[in-house]
Amino acid sequence: MKVPVPVRSKSLRKSKGHPSCSLSLLLLIAGVQFLVIGKPFPSLLMDSRSFFNLAEEEFIPEPHVSCEFNDTRSDFCELAGAIRVRGSTSEVFIATPRRGTTAGDIVGANATWIAADATSWKMKPYTRKGESRIMNGITEFTLRLASASEAPACEVMHEDVPAVLYSNGGYCGNYYHDFNDNIIPLFITTRHLGREVQLLVTHKQAWWFGKYSEIVDGLTRHEAVDLDGDARVHCYRSVTVGLRSHKDLSIDPRRAPNNVSMVDFKRFLMWRYGLPREHAIRTEEDDEERRKPRLLIVTRPSRRRFMNLEEIMAAAEDVGFEVTVSDLMTPPKKQGDEAVKDDSLQARMADASATVNAVDAMLAVHGSGLTNLVFLPMNAVVMQVVPLGRMEGLAMDEYGVPPRDMNMRYLQYNITAEESTLSELYPRSHPVFMDPGPIHKQSWSLVDEIYLGKQDVRLNIARFRPVLHKALQLLR
């Protein structure tokens, strides 16, 4: 069988020349070759480069494998050695120096994530491990231990760059999940590599990479590989399968490479989007000449809208805020020809990040618009309005903890039944008001339909005003 000659990856900044050797060494090898196999000397000179390339390719070091399968959010494996990735069959081959190598030989008999005699295992490289409905749609990869003769031959060699393999599918397209399931896990997994990493992506979506190009380009200087559309065998010395994910919209520095934190992530975003403000305003009671702190009220086009927005704005201004209102989603106005989708989304991200970074406080009803808090300056105040329906715990996990991890302040306002438009749809004696627990137990889709899909809010200004006062005090 003819072995394909591997090519060097063009993603590398510098390509290495072919191995060379001295004339005396060539003569010695030629003599030995002629005596043993009778191959003519000129033929050796012609094939010397191929000879040494083949020798280099067939040198298989002892592999190193470290996996984490006990995490509740995601599985990931760090592989080092001679690693070969074939996207067309969703396989990752861990080449071994000898046949019959098992997991026990590599990671020891005490490994809890795989049987000691196993020669392969399966992984779905997405960060919603516990959600079977979503994980059913994620491509499953098989990781195999294989000798050099059993593994497919290298077709593209990436000598000096490690790789990270993950899925761009699942909830991709939901703004919150774009950050929570992809961007922050990518930051945790790759930031310590200083942009010297290549992304191997299944379910790769071009619009997503266009929209978040500033972020992706800040994490890697190499072109991402679309595994679903590339049948070649890519070879690396190091591959991580799956992404590290710690908690909702946040990072646990104790578990992250180089102990990166959400403050580091915030500064990374400031760098990538050119955001000028690292800290929010500090107000003084006796300084009337300084500008008023700015409050951004994030609106929604439908579902969980502020029904008395004008009253809320007036109350905030009366307390002492300069108020800005935006949904942070509407594309900027275009001049001339329509821009392509990627450019439009990319421009909207830059515009939204600048809008948020310019304010000192943010107010929004629970929803993906609150994800923009990552662009707020430190010491800013985040105010989340939580809809009816026993949503307090979810709201705290998703948008209450992250501000504190980013050196910001957080206030949560839980509405009453009188402040929910559900009171216009159901009688007050209905289980929707009296006992949301069984609805939560029945299905999340029902919770989404009723409490997130049918509900708007009409804030009681007298009840909400103390929250605005508290936000102002926190900026002092």
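Reader: Against which helices do the buried residues of α14 pack?

Author: In this predicted model, the buried residues of α14 pack against α12 (431-434) and α13 (437-442). Helix α14 spans residues 444-452, and its buried residues are L446, V447, I450, Y451 and L452.

Reader: Why is V298 called buried?

Author: The relative accessible area of V298 is 4%. Buried means under 20%, so V298 is buried. This residue lies in strand β12 (residues 294-298).

Reader: With which residues is V298 in contact, leaving aside its neighbours within four places in sequence?

Author: V298 is in contact with F306, S326, D327, L328, M362, L363, A364 and G369, leaving aside its neighbours within four places in sequence.

Reader: What makes T283 buried, and where is its place?

Author: T283 has a relative accessible area of 11%. The cut-off for buried is under 20%, and T283 is therefore buried. Its place is in the loop between α8 (262-273) and β12. Not counting residues up to four places away in sequence, T283 touches P293, L472, L475 and R476.

Reader: Which residues of α9 and α15 meet?

Author: From α9 come E311, I312, A315, A316, D318 and V319; from α15 come I461, R465, L468, H469 and L472. The residues of this contact divide into seven nonpolar, one polar and three charged.

Reader: Which residues touch the most other members of the largest nonpolar core?

Author: They are F179, F265, F321, F375 and M383, out of 98 residues in that core. Helix α5 (residues 175-190) gives the most to this core, with eight residues. Leaving aside its neighbours within four places in sequence, F179 is in contact with I184, P185, Y212, I215, L249, F265, M349, T371, V374 and F375. A second, separate core has 26 residues, including L79, A103, F141 and L227. In soluble globular proteins, nonpolar side chains tend to be buried together.

Notes. Residues are numbered from 1 along each chain as its sequence is written. This is a predicted model: local features need pLDDT of at least 70, side-chain atom pairs count only at pLDDT 80 or more; totals for chains, interfaces and linings use all residues. Side-chain values use heavy atoms; hydrogens and water are left out. Contact means heavy atoms within 4.5 Å. Helices (H or I, at least four residues) and strands (E, at least two) are DSSP runs, numbered from the N terminus. Ala, Val, Leu, Ile, Met, Phe, Trp, Tyr, Cys and Pro count as nonpolar, Asp, Glu, Lys and Arg as charged, and the others, Gly among them, as polar. Buried means under 20% relative accessible area, exposed over 50%, partly exposed in between (1.4 Å probe, protein chains only). A nonpolar core is a set of buried Ala, Val, Leu, Ile, Met, Phe, Trp, Tyr and Cys residues joined through side-chain atoms within 4.5 Å.
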